[in-house]
Amino acid sequence: MTDTATNPILSVSQLRKLYGETVAVDGVSFALGTHEILGLLGPNGAGKTTTINMILGVLEPTSGTIVIDGCDLAKRRRQALERTNFAAVYAPLPGNLTVAQNLRVFGLLYGVKRLNERIEAILDEYDLVRFRDTKCGVLSSGEQTRVALAKAMLNQPRLLLLDEPTASLDPATAREIRATIREFSANNDVGVLWTSHNMIEVSEVCHRVLFLSRGRILLEGDPRSLPAEHEHETLEDLFVTVAREPLTIRRTEEE
Amino acid sequence: MKAVFLRRTSALLLRQFYLLRVSPARIVPLFAWVAIDIVLWGFITRYLNSVAASRFNFVPAMLGAVLLWDFMARVMQGITTAFLEDVWSRNFLNLFASPMSVTEYLGGLVLSSISTSLVGLVVMVVLATVVFGLSFFVYGAMLAAFLLVLFLFGISLGIFGSALVLRFGPAAEWFIWPIPAFISPLACVFYPLATLPHWMQWLARLIPASYVFEGMRGVLAHHAMAAAPLALGSVLAALYLLLMARAFTGVYRHAVRTGLIARYSAETVS
């Protein structure tokens, strides 16, 4: 069971980001509960990565608030980010350090207790033991993704942000990773924000999805029932409509 | 709080150690260029001692000056090289999305610089004393003060160079390397400040290193120096350090506001 209303891990309120006169994110509000995996969907340029960057503290919102596990990111950045971690295809770990070296450096940055034990456990969990002393730069993209996920899990975050975490993985590894994340979410008091362009994966993994278009949340709901509610057969069909004709969806909502 | 600061800064030092221990391309520059400088200037001073009519000893005046100047440049490069490692490996997003603060990041760069510049200093001292007979006793206790001022100023320059690259993108790396050469005429490394035209003397008085080299020549000429000018140099160096740390923080905040941290390789988000 997810717990969004009473005990949110992440609470985003009226988030807005302007680049000059261009509106990248326009009044986005949502909450993420414990044990919940929330899918952030939308076409390229919809504002997903901008939203994630603001939650990670590497992009300052023009207005709005972000509260992570009770800590206002703008006022208590360190405490908020100690409870957070992320993996993204566009943020690989330094390729000139080995897997174990990267995990040690980031473990120190995140203040991981009993770091040696934690590194061993995470290497084992992500099937990285044999790559322990291999430089990240020579790993395959799939292996690098596993390392990025291992780093994301290192501090056992309460909020985990995953930007297309399975984009470079073969189907078998992607399935394993999905199972691992689901298990992580079910067995811990954590929330996961997940972006993906793979709608089958989203239906399988996410408890709830938000459709972003032009910086606004257009739709929200259960990925298994949402397509039917909007007279579409599949989530992918709904995605295509959102990407091509967002105004149609808005009219549908208003009706 | 101190433990957290130490842990995060030591993470950056550890990263630098991991990179250094397996990379000749990173280890050799720590001592090679300064060693060549000491050898070159060692022979020049030897030659000058043999042809000069006076009994003036050029070794402590010129070789010592080269050693101190190279130490300052190594401190600066220690900061900028550690910073550039994050530029080259596109690591800003991972680093600045962690709980590490900007102050802790700068602290990590300073720790890295201390470790790498010490290597260069030891090599220079060994070469200058063993091969060319430079005795550091001639500078007396003032040597510690000289090193402190140059260390603080080198750190300031390194942070300034890093702020330039953070603000203008990876290509601005080329602004960094000429910084010591650019300020060396005003630092009065080899000649007294009085040699400069009047207007340049005023500029030189804004450079903390000029007080060190004036002081060094004073010690060699009179076996003593006025403490006040060096104290002023120390205050200036500390002031620049604070200003540059603030400048770096300001550039970082600008990068977070504009989104440049997340899209650093683009150099600009406009």
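Me: At roughly what angle do the axes of helix 10 and helix 11 of chain B cross?

Reply: The model is predicted, so that local features need pLDDT of at least 70 and side-chain atom pairs count only at pLDDT 80 or more, whereas totals for chains, interfaces and linings use all residues. Residues are numbered from 1 along each chain as its sequence is written, and chains are lettered from A and ligands numbered from 1 in the order in which they are written. Helices (H or I, at least four residues) and strands (E, at least two) are DSSP runs numbered from the N terminus, and axes are lines fitted to C-alpha atoms, for helices over the stretch in contact, with angles from 0 to 180 degrees between N-to-C directions. The axes of helix 10 (residues 208-222) and helix 11 (residues 227-258) of chain B come within 8 Å, and they cross at roughly 155 degrees.

Me: How many charged residues does the contact of helix 10 with helix 11 of chain B have?

Reply: Residues are in contact if their C-beta atoms, placed from the backbone, lie within 7 Å; here helix 10 of chain B contributes residues including Tyr211(B) and Glu214(B), and helix 11 of chain B residues including Leu232(B) and Tyr240(B). By class, Ala, Val, Leu, Ile, Met, Phe, Trp, Tyr, Cys and Pro count as nonpolar, Asp, Glu, Lys and Arg as charged, and the others, Gly among them, as polar. The contact of helix 10 with helix 11 of chain B has 9 nonpolar and 2 polar residues, and its number of charged residues is 1.

Me: What is the handedness of the crossing of helix 2 and helix 5 of chain B, left-handed or right-handed?

Reply: Helix 2 (residues 24-51) and helix 5 (residues 102-130) of chain B pack at an angle of about 25 degrees with their axes 9 Å apart, which means that they are roughly parallel. A crossing is left-handed if the near helix is turned anticlockwise from the far one by less than a right angle, and right-handed if clockwise. For helix 2 and helix 5 of chain B the crossing is right-handed.

Me: How many nonpolar residues are in the contact of helix 2 with helix 5 of chain B?

Reply: Residues of helix 2 of chain B, among them Leu30(B), Phe31(B) and Gly42(B), meet residues of helix 5 of chain B, including Thr116(B), Met124(B) and Leu127(B). The contact of helix 2 with helix 5 of chain B has no charged residues and 3 polar ones, while its nonpolar residues number 11.

Me: Which helix of chain A gives the most to the side that touches chain B?

Reply: The contact joins 25 residues of chain A to 25 residues of chain B. Helix 2 (77-82) and helix 3 (99-109) of chain A each supply at least two residues of the chain A side. With 6 residues, the helix of chain A that gives the most is helix 3.

Me: How many charged residues are in the contact of helix 3 of chain A with helix 1 of chain B?

Reply: The axes of helix 3 of chain A and helix 1 (residues 2-21) of chain B come within 7 Å and cross at roughly 165 degrees, and the two helices are therefore roughly antiparallel. The contact includes Arg104(A) and Leu108(A) from helix 3 of chain A, and Arg8(B) and Tyr18(B) from helix 1 of chain B. Its residues divide into 6 nonpolar and 2 polar, and the charged ones number 4.

Me: Which residue in the hairpin of strand 9 and strand 10 of chain A takes a positive phi?

Reply: Two strands pair if DSSP finds at least two bridges between them, and 5 bridges join strand 9 (residues 208-213) to strand 10 of chain A, which run antiparallel. In strand 10 of chain A, Leu219(A) is the bridge partner of Phe211(A), and Ile217(A) stands opposite Leu212(A). The hairpin has 2 residues between the strands, and a positive phi near 50 degrees is taken by Arg214(A).

Key:
Parallel < 35°, antiparallel > 145°, perpendicular 65-115°, else oblique. Contact = placed C-beta atoms within 7 Å.
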